[in-house]
Amino acid sequence: MRTAKNLALAAAVLLAVACAAKKADPPADKASSSTSAATSAPPLPADVAQLAKPDPAAPVAPGVTAPSTGSAGPASAVGGTSLADLQPTGEFVSPSRSEVAPKEPGRVAAVYVDAGARVGRGQPLLTLETDYFRIEVQRAEADLARARAAEADARRDFERKKGLLGNQSIPQATYDRSQAAHEQAQGSVASAEASLALARQHVADAVLRSPMTGVVAERRTDVGQRLGEAGVAFVIEQTAPLKLRFSLPERYLGEIRQGRMVSARVDPYPSETFTGRIKTVGGVIDPATRTFFAEAEFANADGRLRPGLFARVDLGAK
């Protein structure tokens, strides 16, 4: 009887344990169903997905490491290039350009230079025919000689009249007329001298000279051609000194100053460096390129640099 009770009690305990285990483990079909539902869930709408993304600009709490984005932004870039490290390019330009025309109209008698020739200040470029000018000089010289002779005669007469007036040998009116004649003769001499100087200036102006040291950019005349008062015979561009113009980004405007030394290299002389000095810093920023211009002056005493020549500029020259 006791054995039957013990068997029944053991069977009840085993049944209870089996029921508890069955409740603890979920059915396999339900677990696989939830997993497939999670993987096959539809994507979120665009606006909802945007809100669900973390804000990279949001502050990170102390002690929390922000997630890495994999690449550094502009703020992590190294500082900009210094002014001394820049290598801008520029162009040599002439500080002065002159269209040379004769002061007097005339026919060209001789031409001494051609396009491309180097010329110095005051160097003859051409000569006009001067036959008529020389005749004017001869006539002015004769008029001056005649006026001087008359002035000498009037001076002698005036000196005599002055002595006679002191002895009260002549009236005052006679003395006054002699004095007036002498002054008129002096005026005639001055006028003749001016006429002679003008005639000689015509002869001098018949020789057209270069107003500057530079190069002949254009020749617009030839022997036998008649040039008027506005007829341009040559175009001269100054080459000594010469300017080098180049542009720099606006952020360097506060660093570059007048007097700063610069150097330049040009293709015709690859092994040489030419040195100049900043003379002009542009005060206006180009709104299209955000740059400003600067000009350096180069002595160019030997004239090897020419207007229009391309150059590479070094702003770190000492």
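Arg219 sits in strand 7, which spans residues 214–219; helices (H or I, at least four residues) and strands (E, at least two) are DSSP runs, numbered from the N terminus. Welcome to this structure, a predicted model in which local features need pLDDT of at least 70 and side-chain atom pairs count only at pLDDT 80 or more, while totals for chains, interfaces and linings use all residues. Residues are numbered from 1 along each chain as its sequence is written, and side-chain values use heavy atoms, with hydrogens and water left out.

**The chain as a whole**

- The chain holds five helices and 14 strands.
- Of its 318 residues, 26% are buried, where buried means under 20% relative accessible area, exposed over 50%, and partly exposed in between (1.4 Å probe, protein chains only).
- The chain exposes about 20600 Å², and carbon and sulfur atoms supply 55% of that area; accessible areas come from the Shrake-Rupley method with a 1.4 Å probe, and for residues only the protein chains shown count as cover.
- Take the contacts between residues at least 6 apart in sequence: 75% of them join residues at least 24 apart, with contact meaning heavy atoms within 4.5 Å.

**Arg219 and its surroundings**

- Arg219 is partly exposed, at a relative accessible area of 28%.
- Setting aside neighbours within four places in sequence, Arg219 is in contact with Val111, Val113, Asp114, Ala115, Ala233 and Phe234.
- Arg219 and Val232 are 13 residues apart in sequence, and their C-alpha atoms are 8.8 Å apart in space.

- Arg134 belongs to helix 4 and is partly exposed, with a relative accessible area of 48%.
- From Arg134 to Val203 there are 69 places in sequence, yet 6.7 Å in space, C-alpha to C-alpha.
- Asp205 is in helix 5, residues 172–205, and is buried at 13% relative accessible area.
- Beyond its neighbours within four places in sequence, Asp205 is in contact with Lys103 and Glu104.

**Aromatic pairs**

- A search of the whole structure turns up three aromatic pairs; rings of Phe, Tyr and Trp (its six-membered ring) pair if their centres lie within 6.5 Å, and planes under 30 degrees apart count as stacked, over 60 as edge-to-face and the rest as tilted.
- One of them joins Phe92 and Phe298 edge-to-face, at 5.3 Å centre to centre and 80 degrees between the planes.
- Phe92 lies in strand 1 (residues 89–93) and Phe298 in strand 13 (residues 291–298), so this pair ties together parts that are 206 residues apart in sequence.
- Phe92 is buried, with a relative accessible area of 1%, and Phe298 counts as buried at 1% too.
- Tyr269 and Phe274 also form an edge-to-face pair, with 5.9 Å centre to centre and 65 degrees between the planes.
- In that pair, Tyr269 is partly exposed at 23% relative accessible area, whereas Phe274 counts as buried at 11%.

**The second largest pocket**

- This pocket has a volume of about 160 Å³; on a 1 Å grid over the protein atoms alone, a pocket is an open set of points where a 1.4 Å probe fits, with protein on both sides within 12 Å along at least five of seven lines.
- Grid points are joined across faces, edges and corners, and the volume is the space filled by probe spheres set on the points.
- Its lining (residues with an atom within 4 Å of a point) consists of Pro105, Gly106, Arg107, Glu129, Thr130, Asp131, Tyr132, Phe133 and Arg226.
- Strand 3 (106–111) and helix 4 (131–166) are the elements that give two or more residues to this lining, and helix 4 gives the most, with three.
- By class, the lining has three nonpolar, two polar and four charged residues; Ala, Val, Leu, Ile, Met, Phe, Trp, Tyr, Cys and Pro count as nonpolar, Asp, Glu, Lys and Arg as charged, and the others, Gly among them, as polar.
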